[in-house]
Structures are given as C-alpha cells and as structure tokens.
Amino acid sequence: MKTPWHIWLIGVLSLLWNAGGAFDYVMAHYAADTYLAQASPEQRAYFDDFPPWATAFWALGVWGALAGSVLLLARSRFAALAFGVSLIGLMANTTRLFATVGAGAIDLLGKGNLVFTAALIVVALGLWLYARAMARSGVLR
C-alpha cells in the first residue's frame, strides 16, 4: 500500500511537537536551576516534590510520545501503542495535579499553562486515535 501524504505530515509535525516535550523533560531534570528560574517558589516546590511514580508517568508520557512519532514515520503499527502509553502518562500526571492542588491549579500554574495542558491532552488523544486508524486501515504494518 502506498503511504498516504498525511502520514508524513502528521509524523513530522508530531515529531517536532513531541521533541519539545522531550526538551522540557530533560531540562527540568538536568538543568532545573536555570530552566525553572522563572518559576514561582510555589511552582518550583510543586516540581521539586514530584514523587517517583509521577516522574515515571511523566517519562512514559514524554518518551512514549516521541517513540510514537518515530514509529509513525517508520509506518509501524506499534505507533498506536506508544501513543497510548504516552496518553496514560499524561493523564496520570494531570489527574495528580488536580488531586493534589485541586482548584488551586489555576493559581499555581496560571490559566495559560492549564490551557496548554488541555491542548496536550487533545493532541495526545488525536495522535493515538490517528495511529489506531492508520493501523486498522493497513497503512501501518
């Protein structure tokens, strides 16, 4: 089957998008003092107090998404699995945010960051559904 043009478009755009998430993860873990310098003391405390399980879900979210993008470009059916793992990681940490901070999430992160979190969820869900559809149609092998 000939590869549809939209696989390349979605694959490249998702790779760029998810590379941004990978950059954020690496910088937050290995250059936190400079990367989080603009964060408020409350925001810094929130990120400093991430429990190991939440860090693991963050890693699943970020690296699963990046793997999904690469697998999509490779036309592998495992792209759907990787995007699914990524979505689980993202939802676990989003749930943790609201379970621990609740309505104070707006005060902690600001409206802009919460809108961005909603965009992350929409994109992650869209990529998972797209990869599943491409696998079912035989485009991904």
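Okay, let's start with leucine 16, which sits in helix H1, the helix running over residues 5–30. Keep in mind that this is a predicted model. So, is leucine 16 buried or exposed? Leucine 16 is exposed, because its relative accessible area comes out at 59%, and the cut-off for exposed is over 50%.

Now on to helix H4, residues 52–73. What span should we expect for the 22 residues of H4? At 1.5 Å a residue, H4 should span 32 Å, and its end C-alpha atoms are 31 Å apart, so the two agree.

Which residues of H4 are buried? There's a whole list, including Ala54, Trp58, Ala59, Gly61, Val62, Gly64 and Ala65. Further along H4 you also get Leu66, Gly68, Ser69 and Leu72 as buried residues. As for what they pack against, the buried residues of H4 meet H1, helix H5 (78–100) and helix H7 (111–136). Then, just after H4, have a look at arginine 75, which takes a positive phi of about 60°.

Last stop, asparagine 93, over in helix H5. Asparagine 93 counts as buried because its relative accessible area is 13%, and buried means under 20%. What does asparagine 93 touch, leaving aside residues up to four places away in sequence? The answer is Phe50, Ala54, Phe57 and Trp58.

Definitions and conventions
Residues are numbered from 1 along each chain as its sequence is written. This is a predicted model: local features need pLDDT of at least 70, side-chain atom pairs count only at pLDDT 80 or more; totals for chains, interfaces and linings use all residues. Side-chain values use heavy atoms; hydrogens and water are left out. Helices (H or I, at least four residues) and strands (E, at least two) are DSSP runs, numbered from the N terminus. Buried means under 20% relative accessible area, exposed over 50%, partly exposed in between (1.4 Å probe, protein chains only). The expected span of a helix is 1.5 Å times one less than its number of residues. Contact means heavy atoms within 4.5 Å.
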